[in-house]
Amino acid sequence: MNLYKHVSDAINQKLGTSVNLEIPRNRDFGDFSTNAAMVMARSAGKNPRELAAEIMPEIAALDFVADASIAGPGFINIKIKNDFLWNAAADATQIAKTDPMVIDMDYGSYNVAKSLHIGHLRTSIVGDTLNRIAKFLGHKTVSYNHIGDWGRPMGLVIAYIESLHPEWPFFASNFDASKINPADYRITAAELDTYYPAASARGKSDEVFLNHAREITADLQNGHPGYTALYNLFLKVSLDMMDDIIRKLNMMPFDKTLGEKNASQYLHVVEKMLRDKNLLHPSDGAEIVTVRRDTDAEPMPPFMFYNSRGADTYEATDLAAIWYRKTNDNPDKIWYLTDARQQLHFKQVFRVAEMLDLIPTENLEHLYFGTINGPGGVPFKTRDGNAAGLMDIIRIVGDAVRTRCTESGKNLDDETIDQIALAALKFTDLMHDVKSDYIFDPAAVTSFEGRTGPYILYTAVRLNSVLRRAGADAPAHPTTPAALMPDERGLIISILDFERTVRAAFDARSPDILAGYAYDLCQIINAFYHNCPVLRDDVDAATRANRLYIVRNAQQTLETVISLMGLSIPREM
């Protein structure tokens, strides 16, 4: 239940107005407040406080209101009835699924034959969490891992493999796929990991090698059978590496892993559309689309469909991918999650898509994000000074958790360590504003206290422990108590803020709203735990039953939030 919306809608309907409901910092005087009298006084020509006195009885008459009072120049404080809160808490995570959309979500964007690195962390974690939130709200999502699988890097890798194994049949002019067994030409993940960096470095100093790689790229894109067979061989290895990362990050599998290669099949369709509208123009051997508008205050270079060598471009395949998605999914929205450096690229692509009437610009969203830096604000690197791979990051956080557990005398199994490490890694990413840069410090993010993933899990473990120990003594829905202590009431109201939070996170495309709620909820839960004993011997049966009811609803709410962040709760910590 969205308590905020329920109260707000009822007041606005009662008063025939539209004003915002406010949540006071100090809830001693009310659970909510409204400035309705102050807004309405302007048109009524009345003193706000006098008007507040007139409309306060109407608000007090609402069936969920226990008390209403005037404060300051005309604010009306509202206290909600205990029985209303009590009954609503049982359905805190049951939300109304309204206005479903089809949303194509483009995140991940991993590259074939390249290791995933720290730059892939945010697109993976933020993309997966937004996908979970959208599904939870009832939207249909189609998640795309738009892999880099068709450009010059493929030519560089094939050229490098040829330099290592010139005797392999893939490079022969008379290659016959029916005469080879691919299993005889094994490439391990560890080997593949080294190929692109080595090939890229060689291409910078060896012009002959670079030109050969360019030729291979063109031949591969034109269907060269040997290069295609070799490509398919290391593509599988690379996809398996991606799947391993996806599992380690506890991400939902992508619905479609389709990249530049798939999009390139539809370039001829998009090209015809461009030519039919007379949008393609020659420029220094390339073919471009002018996307600059008179209203542009910043530079807006042209969209390049073919480069001066006649090769497909990144812009062209992204445009063709929109055509593919529009044709196959007919989405209401397409979201792209990449770093901020691609803002210009997507502005260009979106403008051309609109010029072709593929999809309105407002339905194409680039949800860009900031960078992850190490202590001191410099790019995060491993101890040996190299750029951090995603597996390096996962390992570093896992080691930090093990060290912290050893220092604190905790003896936890490997599965629990992995769950805590994943929470440390993902929560620290989710709690920051998506567009902001942030500092990643493995020692800080693995703390069991403060605004960290382990703290969130520890709180959930504590709730689960209480419910396990209570066993059959935890009633499903006891009678509403005559009174509620401040910590009991505060926790119930926080639980009932769940739906508003999830919808706000979706509407703003900001999972940090959800992560912030998780932390605030945990703080309130722990205050309740310390101030409202549940299973202690001196707690009477009725109070125990009531508090177990609160614990159960808090546990269900927190567990749902944790699940939306792609985390799992250990049995103990």
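I started at Asp 284, which sits in the loop between strand 7 (281–283) and strand 8 (286–289). For my own bookkeeping, helices (H or I, at least four residues) and strands (E, at least two) are DSSP runs, numbered from the N terminus.

This is a predicted model, where local features need pLDDT of at least 70, side-chain atom pairs count only at pLDDT 80 or more, and totals for chains, interfaces and linings use all residues. Residues are numbered from 1 along each chain as its sequence is written, and side-chain values use heavy atoms, with hydrogens and water left out.

**Two positive phi angles**

I looked up phi for Asp 284 and got a value near 55°, positive in a residue other than glycine. Most residues other than glycine have a negative phi, so I noted it. Is Asp 284 buried or exposed? Asp 284 is exposed, at 77% relative accessible area. My cut-offs: buried is under 20% relative accessible area, exposed is over 50%, and partly exposed is in between (1.4 Å probe, protein chains only).

Ala 113 also has a positive phi, near 65°. I found Ala 113 in the loop between strand 5 (102–106) and helix 5. With 2% relative accessibility, Ala 113 counts as buried.

**The largest pocket**

Next I checked the largest pocket, whose volume is about 860 Å³. A pocket here is an open set of points on a 1 Å grid over the protein atoms alone, where a 1.4 Å probe fits, with protein on both sides within 12 Å along at least five of seven lines; lining residues have an atom within 4 Å of a point. The volume is the space filled by probe spheres set on the points, and grid points are joined across faces, edges and corners.

Which residues lie nearest its centre? They are Asn 111, His 117, His 120, Asp 339 and Arg 341, out of 38 lining residues. Helix 5 (121–136), helix 7 (189–205) and helix 12 (314–328) are the elements that give two or more residues to the lining. Helix 7 has the largest share, 3 residues.

I then followed 4 strands that form an open, antiparallel sheet in the order 1-2-4-3. Strands pair if DSSP finds at least two bridges between them. Strand 1 (21–22) and strand 3 (65–71) are the edges, each pairing on one side only. Strand 1 is joined to strand 2 (residues 32–34) by 2 bridges, and Leu 21 stands opposite Thr 34.

**The whole chain**

Last, I noted 21 helices and 13 strands in the protein chain. Of its 573 residues, 53% are buried.
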